[in-house]
Amino acid sequence: MTQNPLERARAIQRPTREEMLQRTPSVQQFWDKNHDLFQEAWKEWEGTGAPKPVLDSSLYDPKLRTAIEQAWQDPSKETAVRDLWKEVFPGVYEAQFFDPERLSVLRDYLESVADADIPLRPPYGISLNRGGAMLDKRSEGYLAAPNFQTFYQDLMDVYMRPISRLLFPDIVGYDTQTFGFSIQWQADADTSLRAHTDASSVTLNLNLNLPGEEFSGSGVKFFDPRTRQVAELSFAPGTALIHHGSVPHESMPITKGERSNFVLWLYGDHGQIPRVGGEPPPDLCKGALDTANSAERRLRPVLRQSRSQETKHAQ
């Protein structure tokens with residue numbers, strides 16, 4: 001009896017946790033060999049079974065969503081986006097990003113993804129985080145569900161990149177590439193991540209915990225090498241912290257409960273990131289601006305369609 005892609009993906013023999021931690025060659029071969037199969041399986045999963053939660057612009061905080069949409073229509077209003085972000089540590093900004101009242105939709109979607117039983121590659125470097133997944137199509141074993149990818153690309157192109165350019169103008173030209181993963185800190189499993197910097201121009205850390213979903217510990221500690229200032233920050237459900245990847249930071253141990261996050265990066269072609277305290281090379285900057293302007297022209301119809309869909313949803 002012939003199995004469909006979803007059935008084959010669910011039945012496939014997967015690498016062990018130890019093999020993935022050791023990054024044995026067979027693990028890379030597993031993802032490469034089954035890349036197309038898993039893409040087809042995620043597509044089939046979205047179209048079968050119980051209806052999946054809808055991921056759209058209604059998930060974003062209303063103030064942020066309105067400011068972003070108005071800035072896309074009229075760039076002179078982009079200061080309204082900038083004003084929503086508060087500097088809580090040198091070079092680290094915080095804002096309400098997702099609507100806490102709608103965040104359960106995203107979490108329900110991610111729960112249904114976990115129940116899909118399609119192989120997902122968890123992020124390395126976090127003790128092979130059990131509750132995590134790669135989100136970007138550049139990563140092997142990524143979450144290839146088409147509707148999620150549409151949501152993810154809008155998040156990166158319509159929200160993260162413009163916000164990053166407003167807060168950190170030096171990253172223009174070093175923000176053409178995207179990368180993202182989800183993580184879930186658990187008191188009895190993966191509890192912390194030692195001090196490090198990111199291989200990104202900008203990092204966006206989003207708290208996906210629901211209101212009332214409490215945990216203890218698991219703050220993010222930031223270090224300022226110039227002033228030697230240290231601060232441990234925690235952020236409420238649906239809020240975000242954004243900073244240069246070069247800002248040293250550390251995830252502190254979680255002692256009770258769970259904490260769920262998206263961690264998203266922007267960086268330049270070939271992994272380029274801005275020099276600390278430096279400006280982007282003029283030729284690279286010009287090329288990136290041309291690319292960005294072209295992308296913006298393509299995205300305006302997407303925003304109009306998104307608003308139309310959101311109006312229907314409200315009705």
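This is a predicted model: local features need pLDDT of at least 70, side-chain atom pairs count only at pLDDT 80 or more; totals for chains, interfaces and linings use all residues.
Residues are numbered from 1 along each chain as its sequence is written, and side-chain values use heavy atoms, with hydrogens and water left out.

**Overall make-up.** I found 9 helices and 13 strands in the chain, where helices (H or I, at least four residues) and strands (E, at least two) are DSSP runs numbered from the N terminus. Buried residues make up 50% of the 315 residues; buried means under 20% relative accessible area, exposed means over 50%, and partly exposed lies in between (1.4 Å probe, protein chains only). I then turned to contacts (heavy atoms within 4.5 Å), and among those with a separation of 6 or more, 81% are between residues 24 or more positions apart.

**Salt bridges.** I counted 7 salt bridges, taking each as a side-chain nitrogen of Lys or Arg within 4 Å of a carboxyl oxygen of Asp or Glu. I looked at D175 and R165, whose closest N and O atoms are 2.5 Å apart. This pair links distant parts of the chain, with D175 in the loop between α8 (146-167) and β4 (177-186) and R165 in helix α8, 10 residues apart. Both D175 and R165 are buried.

I next checked E40 and K43, which form a salt bridge with their closest N and O atoms 3.7 Å apart; both lie in helix α4 (residues 35-47), 3 residues apart, or about one turn of the helix. E40 counts as partly exposed because its relative accessible area is 37%, and K43 is likewise partly exposed, at 48%.

**Negative patch.** On the surface I found D108, E111, D115 and E258 gathered in a patch of negative charge. Patches are made of residues with over 30% relative accessible area and no salt bridge, like charges being joined within 9 Å. Helix α7 (residues 103-115) gives the largest share of the patch, 3 residues. E258 lies in strand β13 (residues 258-267), and its 38% relative accessibility is why E258 counts as partly exposed.

I looked up H244 in strand β10 (residues 239-244), which counts as buried at 18% relative accessibility. Not counting residues up to four places away in sequence, H244 touches G91, F168, D170, I171, S201 and V202.

A145 sits in the loop between β3 (133-134) and α8, and is buried with a relative accessible area of 0%. Leaving aside neighbours within four places in sequence, I found A145 in contact with W42, W45, E46 and Y109. A145 and G47 are 98 residues apart in sequence, yet 9.9 Å apart in space, C-alpha to C-alpha.

Notes. Patches are made of residues with over 30% relative accessible area and no salt bridge: like charges are joined within 9 Å, nonpolar side chains (Val, Leu, Ile, Met, Phe, Trp, Tyr) within 5 Å. Accessible areas come from the Shrake-Rupley method with a 1.4 Å probe; for residues, only the protein chains shown count as cover. Lys and Arg count as positive and Asp and Glu as negative; His and the chain ends are not counted. The place of a charge is taken as NZ of Lys, CZ of Arg, CG of Asp or CD of Glu.
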